[in-house]
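Trainee: I would like to learn how to read charged side chains in a protein model. Could we go through some cases together?

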Amino acid sequence: MALFLLDHGAGNVQSLANSIKKLGYDFSWISSPEDFHKASILVFPGQGAFHTAIECLTERGLLEPLYNYIQSGKPYFGICIGMQILFASSAESPSTLGLGLIPCQMERFDDTTKPVPHMGWNTAEPIDSNTLSSEGVSSSDHYYFVHSYRAKYDPEGNPEAAMWAHSTTQYGQEVFMSTVRKGNVFGAQFHPEKSSVAGLTVIDAWIKQSLAGRTPAEPSARIPRPPKSQHGFTRRIIACMDVRANDEGDLIVTKGDQYDVREKSLTSTPLSSTTAIKTAGAVRNLGKPVALAARYFESGADELCLLNITSFRHSPLQDQPMLAVVRAAAERVFVPLTIGGGIKDTVDPDGTKRSAVEVAGAYFRVGADKVSIGSEAVYAVEKVRAAGGILDGSSAIETISKVYGSQAVVVSIDPKRVYVDPATYDGPYKDELVHGRPDSPESERGKAWWYQCTVSGGRETRPVSVVQLAQGAQILGAGEILLNSIDRDGTGLGFDHDLIGLVKRAVTIPVVASSGAGTKEHFVSVFVETGVEAALAAGIFHREEVGIHEVKLASRLAGINVRS
């Protein structure tokens, strides 16, 4: 029995390969139409836009052979976009036809009451409770989803499509097919290769059964699945690693205080009793990135971020040490991995131009799931605002999201407070002013401020507010906001709830709270008071002042749904 994987050329397929290697199976890649005849078991993983997947398969001459393979009756497992192409079409690109096996169109989630994309961990409830037909899917586990389009589970309105439903998931008040199964075909909307042990169990169960010989699956029973009062969606706890070269040139994880990553020392002069803080010490070394990533995965982190906070030595595609870090991390962690730093159009020293899509693609190919864009997002939003809101399709956000989907693009925002006189200020950001409350820290009482965006690691301010940047990033095609705070970074005072609430109200995409966490209670309060989808920390995790398991326990005790 020959296991083959299909790479359609757009997205992170390396993570599935890593998962299958970890499980101990051998496999080959489909590299030509002829390879479909060699395959007796086929897995098609992928992420990205519906039209991109179909176009890539068509251009490489693989679409028709794929359809013929599925029709042959041999086992097929489609993951995310590999499942979506089984449907007739998608509202993401209505003119692009899918394989049409499932007579249903993928529709976009309603974002009036919840963020879209559906990004994070959720449950999947099998239609049939018989474990023999579960394919390893358990209603007690959580799986990682990242998508904007879904196939509605509608046994009354579309009974033919509902016969394919193997499990359903609820997001908000929408119930959709999270896995499909019929005959020789199995598909998962979630990413099992990014769903930790629960996902590896699904992959292992499917491959084992396929190798042993499958009996074609019967159509599912059409049972009602009305939405419940609460869905299984969880809040995410994210560990972030700021990666840079130290003075010896080695890549290390560091952490700054208000973005200063060098060790501080106290100095004084013999003629003065004044003590000064010297900040030009060595780069603070908190560990090796791959080892820390593995530790956080084992500790239960829901997601990991690797942010390259210094300029690349030559160009992103020539920064082999960072690419190697990502590749090695992806071989040891089986949860989502976001990479940031240098995701932009660039030029190599020899004059070769590299597009942002090319740079992002290099990271996706070695195991990244999302890319984070910082300063380039600010410049792009400034450009759109100067053009009266007209998009030209040239920004890194637009080009990457067009190929890989909005869920693959995170915009990292570095805002800082600008204090103004609340009695006299009548400037352009008066509608975004935050006023210090009577119960605020004493330094904030009676004051007012707005949040100005920065670039170059907080070193340069730009004439853009945090709301303008967040809304502009969403318009350009970003799927998530990573919201930092220069004022709170490294302070341990807790997340800036005013900042987070301001951005949450301004956008309909997921928001990750960052900067300021000092205790497990800070995570609980930011989830309860702002409704943010995820919260991120770095230093307190690196120094083991607070454990990820402690954060999850405190959240669970407070009634917040988190992954076990």
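Mentor: Start with Arg354, which is partly exposed at 23% relative accessibility. Keep in mind that this is a predicted model.

Trainee: Which side chain does Arg354 meet in a salt bridge?

Mentor: In general, side chains of opposite charge can pair when their charged atoms come close. Here the partner of Arg354 is Asp348, with 2.8 Å from N to O. Asp348 has a relative accessibility of 3%, so it counts as buried. Salt bridges can also share partners: Arg236, Glu303, Lys370 and Glu480 are joined into one network that way.

Trainee: How many salt bridges does the structure hold?

Mentor: There are 31. One of them pairs Glu135 with Arg214, whose closest N and O atoms lie 2.9 Å apart. This pair links distant parts of the chain, 79 residues apart. Glu135 sits in the loop between β8 (125-126) and β9 (143-147), and Arg214 in the loop between α7 (196-212) and β14 (236-245).

Trainee: What separates Lys208 and Asp204 along helix α7?

Mentor: About one helical turn, because they are four residues apart in that helix. Their side chains form a salt bridge, at 3.4 Å from N to O. Asp204 counts as buried, since its relative accessibility is 17%.

Trainee: Which side chain of opposite charge is nearest to Glu398?

Mentor: That is Lys383, 7.1 Å away. Glu398 belongs to helix α12, which covers residues 396-404.

Trainee: What is Glu398 in contact with, leaving aside its neighbours within four places in sequence?

Mentor: Leu391, Asp392, Gly393 and Leu476.

Trainee: Where does pLDDT stay under 50?

Mentor: Where pLDDT is low, the predicted coordinates should not be read in detail. In this model the stretch is residues 265-279. The model has 20 contacts beyond four places in sequence for that stretch. As for the protein chain, its average pLDDT is 91, and 92% of the residues score at least 70.

Methods
Residues numbered from 1 in each chain as written. Predicted model: local features only at pLDDT ≥ 70, side-chain atom pairs only at ≥ 80, totals over all residues. Heavy atoms only, no water. Helix = DSSP H or I, 4+ residues; strand = E, 2+ residues; numbered from the N terminus. Buried < 20%, exposed > 50% of the residue type's maximum accessible area, 1.4 Å probe, protein only. Lys, Arg positive; Asp, Glu negative; His and termini not counted. Salt bridge = Lys/Arg side-chain N within 4 Å of Asp/Glu carboxyl O. Contact = heavy atoms within 4.5 Å. pLDDT = per-residue confidence, 0-100.
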